[in-house]
Amino acid sequence: MSVHSEIKKITTETLRKMKFDKEKITMLTAYDFTTAKMVDAGGIDAILVGDSASNLMAGYETTLPITLDQMIYHAQCVIRGVDRALVVVDLPFGSYQSNPEKALESAVRIMKESEAHAIKLEGGKEVEKSIKKIVNAGIPVMGHLGLTPQSIYQFGTYKVRAKEDEEAEKLMSDAKLLEDLGCFALVLEKIPAALAKKVSESISIPTIGIGAGPDCDGQVLVYHDMVGMNKDFTPKFLRRYLDLYTEITGAVSQYVKDVKRADFPNQEESY
Ligand code: KIV
């Protein structure tokens, strides 16, 4: 028997059970094979191939420019590095909002071409028909409410969402709708902790928070932020576990010095 067949893979059902058992769910982003391998080996429950790849891999200011083909490429790289975690892939902006048929086609392409396990999309009532169509085709869907970065030009800022009653009420009813439509989990991004708690207690599917306080059923962070590669991104909700920007720039400048002064390679590093 191979080692791989002994690994108990995380499924959407596992996440549902974790909520039931009150065991917190962990999720991080990854966009490439090497990172996915390390994140999976660290014991993460779920990996998000987020459209934040648009910012972190391609250097765009927003998540809007990344294409479906590019998301599929990132998902293919991640899947090859993962033995255990559930891999969820973002449907990028423009690939699902216009009509349910297009949404299903986009989701099918991701599942077929990358062999990922689920898709995520942003929004509530506005994308109801698209979610229904994708779920009916047997594809697991993760919802995403609160700060939905694909709508940044409508919001105008990346500030905390749903602080006012009207938006909070819409978020509560969208969360219920996503549960009723058959979503298996729901990301809550940058909303007041009290609201996230209320949502988490009112639905049976797990909530995964980012900037949504401690009472969500799980937490997700962007890998590059969490390991401190993204030096200028310092929101209140972020906990940095490493300072890789300083580590890596330090290592690079040491390498530059060593080569310039002909210290590298030395005798032992030569054939
Ligand atoms: O694309 C992404 O990284 C995300 C997370 C912020 C949840 O959607």
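Let's start in helix α9, which spans residues 165–181: D180 and K176 both sit there, four residues apart, or about one turn of the helix. The two form a salt bridge, with their closest N and O atoms 3.3 Å apart. D180 counts as exposed, at 56% relative accessibility, while K176 is partly exposed at 38%. Keep in mind as you look around that this is a predicted model.

Now hop over to helix α2 (residues 12–20), where E13 and R16 are three residues apart, again about one helical turn. Their side chains meet in a salt bridge too, at 3.1 Å from N to O. E13 is partly exposed at 47% relative accessibility, and R16 is partly exposed at 33%.

What about a salt bridge that joins separate helices? Look at R109 and D69. Their closest N and O atoms are 2.7 Å apart. R109 lies in helix α6 and D69 in helix α5 (residues 68–79), so this pair ties together parts that are 40 residues apart in sequence. R109 has a relative accessible area of 30%, which makes it partly exposed, and D69 is partly exposed as well, at 48%.

While you're at helix α6 (residues 100–114), find K102. This lysine is partly exposed, with a relative accessible area of 37%. Leaving out residues up to four places away in sequence, K102 touches G94 and S95. K102 and K133 are 31 residues apart in sequence, yet their C-alpha atoms are 9.9 Å apart in space.

Next, the ligand. Its surroundings include T29, D51, S52, D90, K120 and H144. An oxygen atom of the ligand is 2.5 Å from an N or O atom in the side chain of S52, and a polar side-chain atom of K120 lies 3.0 Å from a ligand oxygen. On its own the ligand has 260 Å² of accessible area, and the protein covers 95% of that.

Finally, where does E122 sit? You'll find E122 in the loop between β4 (118–120) and α7 (128–136). Here's a charged residue that is buried but has no salt bridge: the nearest side chain of opposite charge, K120, is 4.7 Å away. A salt bridge needs the two atoms within 4 Å. The E122 side chain does reach the backbone nitrogen of Q150, at 2.9 Å. Beyond its neighbours within four places in sequence, E122 has contacts that include D51, Y96, H144 and Q150.

How values were computed:
Residues numbered from 1 in each chain as written. Predicted model: local features only at pLDDT ≥ 70, side-chain atom pairs only at ≥ 80, totals over all residues. Heavy atoms only, no water. Helix = DSSP H or I, 4+ residues; strand = E, 2+ residues; numbered from the N terminus. Buried < 20%, exposed > 50% of the residue type's maximum accessible area, 1.4 Å probe, protein only. Lys, Arg positive; Asp, Glu negative; His and termini not counted. Polar contact = N/O pair within 3.5 Å; in protein donor to acceptor, adjacent residues only side chain to side chain. Contact = heavy atoms within 4.5 Å. Near = heavy atom within 4 Å. Areas by Shrake-Rupley, 256 points an atom, 1.4 Å probe, with all protein chains shown as cover.
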